[in-house]
Amino acid sequence: MGMEKGKADPAAFSIAEAGFGDRTDIDDDGRERRTGTLVTASAHIITAVIGSGVLSLAWAIAQLGWVIGPAVLVAFSVITWFCSSLLADCYRSPDPVHGKRNYTYGQAVRANLGVSKYRLCSLAQYVNLVGVTIGYTITTAISMG
């Protein structure tokens, strides 16, 4: 259909229709096949969770006490699990099996909530990034002085 071999047609539904039918290293979206396993996914989750927030966790639990501290920890664990499952559901939109993949958080917001909410979310993310950077800079300066 006038399509070059090796170039994915965005309207194509499968690898064969896109011209990649004979390649096993290409996924259904025309990109390189992902090779992650449960072990590598677990390693990425552990490295993301173990950050500077873990350093203050013991102090926060000690301030809350033995009853409320673990209860708050479990509550936030459930909230994190719920948000993670919502985000995982947004990976393919609008259909969870054949929908277009969203590779970034911004793409998922745009596909599910529209352009205006995407801009608002991007603004919130950048404001948060700048605020956290300023906070780390101040904390580092206080610690060094």
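A surface patch here is made of residues with over 30% relative accessible area and no salt bridge, and nonpolar side chains are joined within 5 Å. The exercises below apply to a predicted model.

**Exercise 1. The nonpolar patch**

Task: State which residues make the nonpolar surface patch and which helix gives the most to it.

Solution: 
1. The patch is made by Ile45, Ile46, Val49, Ile50 and Val54.
2. Its area is about 470 Å².
3. Helix α2, spanning residues 38–49, gives the most, with 3 residues.
4. Isoleucine 45 is found in helix α2.
5. The relative accessible area of isoleucine 45 is 54%. The cut-off for exposed is over 50%, so isoleucine 45 counts as exposed.

**Exercise 2. The surroundings of alanine 111**

Task: Determine where alanine 111 lies, how it is classed by accessibility, and which residues it contacts beyond its sequence neighbours.

Solution: 
1. Helix α5, residues 105–113, contains alanine 111.
2. The relative accessible area of alanine 111 is 45%. Buried requires under 20% and exposed over 50%, so alanine 111 is partly exposed.
3. With neighbours within four places in sequence left aside, alanine 111 is in contact with Ser93 and Asn102. Contact requires heavy atoms within 4.5 Å.
4. For a C-alpha distance, take tyrosine 91: it is 20 residues from alanine 111 in sequence and 9.9 Å from it in space.

**Exercise 3. The chain as a whole**

Task: Describe the secondary structure, burial, contacts and accessible surface of the protein chain.

Solution: 
1. The protein chain has 6 helices and 2 strands.
2. Read from the N terminus, the order of elements is α-α-α-α-β-β-α-α.
3. The chain has 145 residues, of which 11% count as buried.
4. Among contacts in the chain with a separation of 6 or more, 16% come from residues 24 or more positions apart.
5. The accessible surface of the chain is about 11,700 Å². Carbon and sulfur atoms account for 68% of that surface.

How values were computed
Residues numbered from 1 in each chain as written. Predicted model: local features only at pLDDT ≥ 70, side-chain atom pairs only at ≥ 80, totals over all residues. Heavy atoms only, no water. Patch = residues over 30% accessible without salt bridge, like charges linked within 9 Å, V, L, I, M, F, W, Y side chains within 5 Å. Areas by Shrake-Rupley, 256 points an atom, 1.4 Å probe, with all protein chains shown as cover. Salt bridge = Lys/Arg side-chain N within 4 Å of Asp/Glu carboxyl O. Helix = DSSP H or I, 4+ residues; strand = E, 2+ residues; numbered from the N terminus. Buried < 20%, exposed > 50% of the residue type's maximum accessible area, 1.4 Å probe, protein only.
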